[in-house]
Amino acid sequence: MAKLQKLADLVGGELQGDPDLDIVQVAPIDRAQQGDITFVANTKYLAKLKNCQASAVILAPGIDPPDKMNLIVCANPYLAFAKILTFLQVSERPVNGVMSGAWVAESADIDKSATIYPGCVVGERVKLGAGTILYPGVVIYDDVTIGRDCLLHAKAVVREGCRLHDRVILQPAAVIGADGFGFAPDGDSYYKIPQVGIVILEDDVEIGSGSCVDRAALGETRICRGTKLDNLVQIGHNVNIGEDCILVAQTGISGSTIIGNHCTFGGQAATAGHLKVGDHVMIGSRGAVTRDVAANQTLSGLPLMPHKQWLRATMTLPKLPEMRKEMKQIKNRLEELETLLKEN
Amino acid sequence: MAKLQKLADLVGGELQGDPDLDIVQVAPIDRAQQGDITFVANTKYLAKLKNCQASAVILAPGIDPPDKMNLIVCANPYLAFAKILTFLQVSERPVNGVMSGAWVAESADIDKSATIYPGCVVGERVKLGAGTILYPGVVIYDDVTIGRDCLLHAKAVVREGCRLHDRVILQPAAVIGADGFGFAPDGDSYYKIPQVGIVILEDDVEIGSGSCVDRAALGETRICRGTKLDNLVQIGHNVNIGEDCILVAQTGISGSTIIGNHCTFGGQAATAGHLKVGDHVMIGSRGAVTRDVAANQTLSGLPLMPHKQWLRATMTLPKLPEMRKEMKQIKNRLEELETLLKEN
Amino acid sequence: MAKLQKLADLVGGELQGDPDLDIVQVAPIDRAQQGDITFVANTKYLAKLKNCQASAVILAPGIDPPDKMNLIVCANPYLAFAKILTFLQVSERPVNGVMSGAWVAESADIDKSATIYPGCVVGERVKLGAGTILYPGVVIYDDVTIGRDCLLHAKAVVREGCRLHDRVILQPAAVIGADGFGFAPDGDSYYKIPQVGIVILEDDVEIGSGSCVDRAALGETRICRGTKLDNLVQIGHNVNIGEDCILVAQTGISGSTIIGNHCTFGGQAATAGHLKVGDHVMIGSRGAVTRDVAANQTLSGLPLMPHKQWLRATMTLPKLPEMRKEMKQIKNRLEELETLLKEN
């Protein structure tokens, strides 16, 4: 619970209404009750405020609520909502140290404000920074370095030698540093190419449940500061993903591809290997990158094309059988004309 | 082992033949030996009974086997096969209580007929119902409620506050309640929106290996009674999936989408977010739902279209280059005609 | 570190230069330093040798380096690179026996040269061969047999009764033997068909992180010798995959499909169920096998077509809207001509 004034200050917003109002929690506009604060990030939902029971609303400047209400006015209501939600409803992280039932190698260097739950296994020479938490069943192989305030959820695995910087979040069952998929043909069979590189996850990277970031064959696979991966995303060996990228669920990035900063990949998108994608590229869901892509584009489809062109092309797809039929008719009519003219 | 009469009674079928026959196990028609019972669910396999060594067969009414055989005649032979298989070959579940090597918080409320294997970690205030089994390495975060006769396989994870009703099955490494993928743009970077909602899995839900059901941002993600998810399926935050749905492997449902009852999604299908899909909708493999879908339809493709239309459209695809070439020829011929006519 | 002569002997190559040269490690051509050995597998990178600091190079016969260098000349430089990398940089596996913090059933038969890390759980009657390693948190259900020199990474799960032959590698969180996805319609609901078969992984099979190989309903799911699965691959129940196949990430093979030897599936490819794919078939990324496929073909797309045809067809896709527009123009011109001729 917090006073409305405190929340306005927290988000740098302007308070209009009762500064001493007690706010208990954040709620969506259609379920908010007394004591709740809600938000309008999109003016099309503004009308819903009419019947809303919320005690206060976060709004962008220049927008008038239908009724007189307590307001926090700020430029980015969605961001303010996220910050207030964090402040009101995210509990402080525990500091429990190495708990009974965790196996930590003697040579590991664990900050005393870190927490390691039961069922975790931490290998030789591992370093764990201040405030970092390993939830139950996390496995850290030898020689891994993990920074401050990281959150590794249950069953996450980090393999040998990988490095996580600060405030990295691994959702449950994320796998960092498994072997890249590399084999040399040897007659009819395949010979495994040892994958002796590592993975580096920079500050504020988040990796979704079940997502896999493979270690490099030689050198490193790197995901740069602030990039977020959704669930079940596959990152091949020696990939480099820039800063502040968003990769939606079930996307796959093939080996050695280099992606710029501020790129977005929709769900189930993919790239081939050894490609370069420039900064500020958006790839639509299911989009397939099979060639280098210059910066500042929004592309979709297989083959990749400008998103608007793709929308038109896909709208034509259901009409293909009809087009084919029409083409036959046209040919027949044309032939008739040709015959007619020949006769004349 | 069981007498044939007992199996006929079990499935409510009519016995034709020796009621005292001993049946050892169920076997497919092309591998069945003496002592086995097999089944014919599809009459196209009926001819295979000719050389079949099975001691008995499950058949639908009105179908005559090629030779005289011991029969169980019932309306749904496939269902009867499943029930007899369960009866003959599924062993009773163990009741071992909390085993040595499991960590269970003191505040947890564990029914005495539940089983918790070594390597499991069960958090504070967790409730576990009668007959429920946690296989090795399952992690249950704080404040989770799990009903009766649930089966959580190795490495399954259920995060804080989620609720599993009765007879829920989690295959190995399923992840329930990981953070939804929500970020508010904050300048060039992203600010994490805390995901403070939960996941509810109703009675008889089954979740496949490695599948992820994300917790809601606010409120709940819900999978209703009887719905089955295959492996590596992704369910975004605040999704609601109705009763008795089937989601085949590698399908992805984006955040806040609402799916009706009795829907089926083929493998690698997907939906965009914030959509509504009516009851009894079938989406073909790789189908992509990008708009609301009314009830009682069978749709495929990207864009989504009636399945039969999609079949025709995709059959036209390989002919596209040829169509394009033909169109050029048509234009040329047309031009010739026009020139000819102009000259006249 | 090794002498160059020793490395040449290791790969059966011909040494040209100083046999006593000390080689420390393998490095890619653009990062190699003194003491490193590098390789040229593709002649288009030959020019890079000009400025390369490597002490030695692995080359195919008949290729001349731009400068005089120490060489190992052999028919397959990429394979030689893999073998030398393995020799120089892959450490010997530990032999630690059953470590403290591992739970192993008394009835299990563990070779004394096997290693079981903390957090592993090994069930009743499990057999574990010589030199096999279970990394932390691996769970082996009852009655599993695992051969020699297998490597099961953290959080891998092998369910009851499955069999792994020799030198099998499971990357972290791979799941072997989860229930296949089988349900019999029972009125509006589904009745679970018990999956009482097993999975067999033959010699030298490798399964990627998070990949799932489901147990058979009855009988077995089998992956034959030397086949490699990348991450997040789904293998349905009763599938049989031949020898020396390559399945790239996020591919899905539906139940009961039989795939021949030496097949390759690109990323996010898929097959429907109950199909047969012959030997030496290559399916491109996103290719969808919806019918039986004869041996010795390279196919892509949905519907599947010869890869070259698919390339042309997809290149036509972006032009569809334009084609449709042209077709309308053609029809108009045709109508004008027809009218004109009728008038005459």
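In the predicted model, helix 4 of chain B passes helix 4 of chain C in a left-handed crossing. The two helices pack with their axes 11 Å apart and at an angle of about 30°. Because angles under 35 degrees count as roughly parallel, helix 4 of chain B and helix 4 of chain C are therefore described as roughly parallel to each other. On the chain B side, the contact is made by R324(B), M327(B), I330(B), K331(B), L334(B), L337(B), E338(B) and L341(B). Helix 4 of chain C contributes M323(C), E326(C), M327(C), I330(C), R333(C), L334(C), L337(C) and L340(C). By class, this helix-helix contact holds eleven nonpolar and five charged residues, with no polar ones.

The residues involved are L320(B), P321(B) and R324(B) from helix 4 of chain B, and R312(C), A313(C) and T316(C) from helix 3 of chain C. Three of these residues are nonpolar, one is polar and two are charged. R324(B) is listed in this contact and also in the contact with helix 4 of chain C.

Taken as a whole, the contact between chains B and C draws 54 residues from chain B and 50 residues from chain C. On the side of chain C that touches chain B, at least two residues each come from strand 21 (175-178), strand 22 (183-186), strand 23 (189-192), helix 3 and helix 4 (320-343). Helix 4 of chain C gives the most to this side, with eight residues. The class composition of the side of chain C is 30 nonpolar, eleven polar and nine charged residues.

Between chains A and B, 53 residues of chain A are in contact with 49 residues of chain B. Helix 2 (77-89), helix 3 (307-316) and helix 4 (320-343) of chain A each supply at least two residues of the side that touches chain B. The most is given by helix 4 of chain A, with ten residues. The side of chain A that touches chain B divides into 26 nonpolar, 18 polar and nine charged residues.

With regard to symmetry, chain C can be laid on chain B by a turn of 120° and a shift of 0.0 Å along the axis, with an RMSD of 0.1 Å. That is the relation of a three-fold axis. For chain A laid on chain B, the turn is 120°, the shift along the axis is 0.0 Å and the RMSD is 0.1 Å.

Some backbone features deserve mention, since most residues other than glycine have a negative phi, and most peptide bonds are trans. The peptide bond from L302(A) to P303(A) is cis, with omega near 5°. P303(A) lies in the loop between strand 39 (297-300) and strand 40 (305-306) of chain A. In chain C, the bond from L302(C) to P303(C) is cis, with omega near 5°, and P303(C) is placed in the loop between strand 39 (297-300) and strand 40 (305-306) of that chain. H262(C), although not a glycine, has a positive phi of about 55°. H262(C) is found in the loop between strand 33 (258-259) and strand 34 (264-265) of chain C.

As to confidence, the model scores ipTM 0.96 and pTM 0.96. Chain A averages a pLDDT of 95, and 100% of the residues score at least 70.

Conventions: Residues numbered from 1 in each chain as written. Chains lettered and ligands numbered in written order. Predicted model: local features only at pLDDT ≥ 70, side-chain atom pairs only at ≥ 80, totals over all residues. Contact = placed C-beta atoms within 7 Å. Helix = DSSP H or I, 4+ residues; strand = E, 2+ residues; numbered from the N terminus. Nonpolar A, V, L, I, M, F, W, Y, C, P; charged D, E, K, R; others polar. Least-squares fit on C-alpha atoms with pLDDT ≥ 70 in both. Axes fitted to C-alpha atoms, helices over the stretch in contact; angles between N-to-C directions. Parallel < 35°, antiparallel > 145°, perpendicular 65-115°, else oblique. Left-handed = near helix turned anticlockwise from the far one by under 90°. pLDDT = per-residue confidence, 0-100.
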